[in-house]
Amino acid sequence: MRLAGSLQLVLLLTLSTEATSLNIPPEVEQLPTFVYHTTGPIIALPFDNTVTIRCEARGNPPPQYRWTKDDLDFIPPHPATIRSDQLATDGTFVLQNKSLARFQGKYRCYASNKLGTAMTETIELIVPSMPKFPKENIEPIVVDEGEPFVLLCNPPEGVPPRKIHWMSIGLQHIEQDERVSVGTDGSLYFSHALQKDSRQDYCCFADFLRIRTIVQKPGGTVVVVAGPPVRTPSLLLPSGVQTEKVLLKGAELQLECVPGGNPTPKIEWMKMGDELPARAKLDNFGKLLTIAAIEESDEGKYMCLAKNSAGQAVHYFDVIVEEPPKWLTEPPHSQLTVIGSDVHIKCSVSGKPQPDILWRKNGNIFEDNPLNNKRVLDDTLVLHNATPDDSGVYQCEAANRHGVVLGNINIMVMNMAPLILTEDHHEYAVIRGEDMAMNCSAFGSPPPTISWAKDETPETIEGERFVTLQNGSLQISSAEKKDSGEYVCVADNSEGKSSIMAVLAVKDPTHIAFGPQDMQVISGTTAQLMCQAEYDKSLADSFQVVWIKDGEEMTFPTEEHSRYFVGDGMLQIMNVNLNDEGVYTCLARTRLDGVNRTALLTVLDVPDAPQNVEITELKDQRHILLAWVPGSDHNSSVIEFIVEYEESQWEPGKWKELHKVPGNQATAELALHGHLNYQFRVYAVNAVGPGPPSEPTERYKTPPAAPDRNPENIKIEGRLPHQMDISWEPLLPVEHNGPGLEYKVSYRKLAVDDTWTEHLIKRHSFVVRNTSTFIPYEIKIQSRNSHGWGPEPKIATGYSGEDVPTAAPRDVAVEVMNTTVLRVSWTPVPPATLRGHLKGYHVSFHQRSFLNPDKILDERHTLSFPGKRTHAIVPNLDAFSEYTLTVNVFNKKGNGPNTSAISNYFSVPEQVPILTTSNAQKESIRLVWAPPLVANGILTGYLLQYHLSMFNETTKEARDSWEMNITGPDTTHWQLEGLEEGSLYLFHLSACTRAGCGPPLAQESTGQPRSISTKGWFIGTMCAVALLTLIVLTVCFMRRNQGGKYAVKEKEDLHPDEESQAMNDDTFCEYSDSDEKPLRGSSCSLNGDDAVGDGVSRDSLVDYADGGGEFSEDGSFIGEYSGHKRGGSVTEPNGFAGIEPGTSAL
C-alpha cells in the first residue's frame, strides 16, 4: 500500500480494535484502549520511499507509547528516521527506504498510563532482496528417445505472485501440451523425449509481477538420441508413493502429478472413499487438481493414476486441513466491577492444532497464584475478592503454528457515586403521536438505578406508555399534549444519588391539507403541483417545503425568466418538456417532523420520428413493403402512421401523403406509379398531434409502365345545339407511368351506330361538331403512353347540344280551390318537342280587380315549377279579381312557347252571419239577417230558398220548395206571405255578387195561429228579438261604412272557415253557428256546385306550394307578384281527391 505517495504495503493493512470498550465517560479515569494499529506482516517493496507503522490508543490519563523489536525495546537509531512528535502522541513512526533492511523484524506497540498497559499483536516487517538466479554451469542433458526428463528452473524467492515462462533465446515460448508442461515448481517436464526436443536454448524466466521484475536463468541444452519407442508410465512429480499436504482452512488446494512415459500417459484423479468435490477443477492438461476455499470436509486421501498402453503408476496425497487460532464468538469483554467481587475472564478460542493460551497483565506474563486468590484455569482467569490493585489491562494470547490472536481486556475494580453525564435542564420537543426518549446517561460503580418523575411529583412515572430503558433514558410512546412538562431523572447507588431536570414540549404534527395530484400535461404547457401544509406555529422558524423529483431534491434557479415558480404552497413549471416528467414529492418538514405526498407528472408530447425506415420489394418493383421502428409515443398512444413520398421529376422537394396505417402497425404495403424516382419518410400521429418525420429513405426508382387508370369525372355538355363538348379530369403527372401520355376519345350514337369514332389527343377536352340536337351518345376515354394502353375504359352516356322547346302544353284547365288559390293543370308536351332535358314549367299570370274594374294591372307574375308535372297550385291570390294565365315548358336552353291565355276570377261572398225569424202569423213570417262580413265584391242581392217540412216521430222531410231572388243589396229583412198555418218551414239565405251566390245559412220556423200574437209574452219576445236585430244591423253597417269589408281576417286565421273545415273532413252537410243547430235531414245546398264555395282557407295556402321561388327572364323574382303575397314557387299537396271544386275549362 502506498501512503501519501511514499508508502506501499505489500500485504493488506487493516485497522482493528483490540479491546471491547467499557461505557466509561471521558471524565472518569480509564485504562488504555487501542483505537487502531498496523497489522502484519508488512512487506517493503524496493521502490517504496518509506514505511509507516501506526499505533493509536485512548485512555484517561492519555497513554504513552513504546515499541519493541524482536522482544527488545526499540528506539530509532537517529532522529532523521522517525517523527518523534508523532511517536509521543499516537505511537506512529516512519522508516526511510534507504535503511529498511536493518529494520526487518517483529514489532509490538505498548500504550500505557498509570492504570495499566495495552499491547498489540506482533507486527512483522519483511524487507525482501531483489530476486536473481545463482550463477551456475548447466550441463547438457542427453536423453534417449522415449525417456522422460525434467529441465529444472529452481526460481529464486521473491515477492509473490510469481509466474514462470519457458522460452527460447529468441523469446519464443516453448510449446506445451499433454507431453510437455510446466509444473507448479517452475520446472519443465517432458513425459517422453522426441527428436524435436533437441535444442540448445531452453531458458527459464521468473516474472515477479508486484515488483515488476523478470529474471532469467541461463539456457540449457537437450540432446535426444534414438531409443526404444515404448516406455511404462512413471511420475516425474511428485516423487515417492505418498505425499502429505497440510493447508489452512479457506486456502486453495493444488495436487499435481506430472507423468512420464511413451505414449504420453493419461492422468485420472479420485478421492478415496468419496467423490471429488463439485468445486474441483483440472488444469495443465489434467495434471493439476485444484479445489478453491478448502474445507474440513475436503480432508482425506486423494490418488492420481497415470497410465498408457505399457502400464500405469499411482501416487497418493494425504490432505489435512488446519486453521489458525480464532475467537469462538468474540474477544473477551472488558469489565467494570465493585471492590470485593469475583472477576472471571474467559478466553474462548478455536484452532487446529488446539492453540496454547498465554495470559499477561499490563504486558507482563501473568502466573497462577493460589495464595493471592488469582488463578489461571486453562482458558479462564479468575480474580477472587478483587481489589483496586487488580485493575489493569489483561492480555489473552492464543497461538498455534499457524498464527496468533490477542485480546486486551480492561478490568476496572472501583466504587463510585453516580455521575450523570446528560445535560441538566435539557429541552426536548416531540410531535404528538410519535415516540421519543429523554436521555439520562449515568455512570457509577456499582451501576446506578435510574428513576423518573414528572412536575415535582415524587412518585415514579408509571403507565404503559412510559418505559425506562436500560441506558437510563425515559421512552414515551405516542406522545400526547398532556405529556408536556418538567421531568426529573434520579440516579442512585450505594455510594450516593444524583439528579437532573428535563423539559418536554409536545407539538402538533405537520400534515399536508392539499397535496400534488397525478396529472398529465401536454409539452409546452404549464404544470401546477399543489402542496398546502399545516404545522405547529411554534415551529414556523424551521418549517419549509421541499420539492423532490425522482428521489433528488430540486434546486431552483433565481434568474427572472426561470421556468419554475415556487411559492404559496405551489410548484409551477412553465413550458413543460419531456425532461420534466417524473415522480414529484412534496416534503413539508420542520425540525421535528416531516410529511410528504407524491404525484406522477406525465408529459404528453408528439411522437418521436420513426427510425430505420427500410424498403423491401414484394412481387415486383412497383409494389414494396416499407418497414420502420416506431419512436417513443411520449405517453400518448400512436393513432396512425402516415407515409409520405417525394419524387424528383414533377414536383421535387414537395412531400405528399401516400398512405396511412393504424398506430399498432409498423409496416405499409405501397403500390407505386411507374417512371418515378421516389424517396419515402414516415411520421406518427397521436392525440397531441403529428410528430416529426423520419429521415428520408434512399432514392427508389420505379420502371416505366402503361397507365394504371383512365380519366375520371367525364362531363358531356352541349353548349350549342349542333355540337357536343366532352371534358374529363386528366391523369396527374405522377400517374403518367411513363413518357408520351395521350387520350383516345371514342364516341357513337346510343343504340344506333355499331362503330366507334375515335380521336387520339393530348389535351383533356374534345368537341364533336355537326351533331343532331339533343341526341344520346356513348363515350369512352382511354389513356396510353409510350409503354402501352391503360385498362379498358368504362362507357359514359351523354347528349349533344340542346335547343329551346318547340311546343306548348295542351289541355290547360283552371280549378278554383278557394278564394285565394287556383289549381292549374295541363297535358305535357311531347318529348320530341323538348329538344333538351326537361327543367320544369312556368305559370304566368296578371290580375284585374273587380273592385277597380277600370284599372288594368299590366304587371305580370311568373311561378316556376321544376320537374315533370301535369298541374300546379297558384296560391296567395286576391279575391274579387280576374286572373289571366299562361303555361310554358322550359329546358336548360330556354323557354318554350306559351299556351293561350286563360281567365278566371274570384267573387263569391261569404255566408251571412245571422238569420232570424219574427212576427210569425198564420200565413206569413218576417225574416231578418245581416250582410256577409266579407263580400268579395259588390253585393247584387240575396237568394232565399225555403221548404215545407213534414213531421213524423223520427224525421223531418221536405215536401215542397220555393226560391226567390231578393235584388236589393241593402235589404236585410223580408216579409214572406202565403204560408200554411202551423207548418214547419226551413229557410236558406245566400248573399250574391256577379260571380254567384255564397254558401247559405239555414233557419227553421213554424207558422203560429193568429190568436197567439195577442198574448203578452209573445209580444214581449218579439220586441226583444227586434231590438237585438236592430243592434246587430247597426254594428254591421258601421263596420261596412269604415272599409267596405268586415275585419274577420283574425277570426279566419284562428279558425278556418266552415267550408274549408268541411272540405278537409270530407263532409259538406254540417253548417252551424253559435246560436242554432241545423235541422235533421236538411241538405247543405240546393246546388251541388255551390256547396264547395270558398273551400280552401288562406291559412292553408302554404299547403298547396309546389316549389321554391325563381327569377323570371327579366331578372325579377317571379314569386312576388303582390306587395303582401308570399313569393316563390309552390308545390301541390296531396289529398284533393275528395274535393269537387267548380272547374272552368278553356
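Reply: Start with Phe103, which has a relative accessibility of 3%. This is a predicted model: local features need pLDDT of at least 70, side-chain atom pairs count only at pLDDT 80 or more, and totals for chains, interfaces and linings use all residues. Residues are numbered from 1 along each chain as its sequence is written, and side-chain values use heavy atoms, with hydrogens and water left out.

Me: Why is Phe103 called buried?

Reply: Buried means under 20% relative accessible area, exposed over 50%, partly exposed in between (1.4 Å probe, protein chains only). Phe103 has 3%, so Phe103 counts as buried. Phe74, at 12%, is buried too.

Me: What makes Phe74 and Phe103 an edge-to-face pair?

Reply: The structure holds 26 aromatic pairs. Phe74 and Phe103 form one of them, with 6.2 Å centre to centre and 85° between the planes. Rings of Phe, Tyr and Trp (its six-membered ring) pair if their centres lie within 6.5 Å; planes under 30 degrees apart count as stacked, over 60 as edge-to-face and the rest as tilted. The distance and the angle therefore make this pair edge-to-face.

Me: Where in the chain do Phe74 and Phe103 lie?

Reply: Phe74 is in strand E6 (residues 72-74). Phe103 is in the loop between strand E7 (93-96) and strand E8 (105-113). The pair links distant parts of the chain, 29 residues apart. Strands (E, at least two residues) are DSSP runs, numbered from the N terminus. Ring pairs also link Phe74 and Phe103 with Trp67, Phe93 and Tyr107 into a cluster.

Me: Why is the pair of Tyr946 and Trp962 called stacked?

Reply: The ring centres of Tyr946 and Trp962 are 5.2 Å apart and the planes are at 20°, so the pair is stacked. Tyr946 lies in strand E79 (residues 941-951) and Trp962 in strand E80 (residues 956-966), so the pair ties together parts 16 residues apart in sequence. Tyr946 is buried at 8%, whereas Trp962 is partly exposed at 35%.

Me: How do you know that Lys301 lies over the face of Tyr316?

Reply: A charge sits over a ring if NZ of Lys or CZ of Arg is within 6 Å of the ring centre and within 35 degrees of the ring normal. Lys301 is at 5.9 Å from the ring centre of Tyr316 and lies over its face. Arg784 lies over the face of Trp789, at 5.1 Å.

Me: What makes Lys271 buried?

Reply: Lys271 has 7% relative accessibility, so Lys271 counts as buried. Lys271 lies in strand E22 (residues 266-271).

Note on methods
Helix = DSSP H or I, 4+ residues; strand = E, 2+ residues; numbered from the N terminus.
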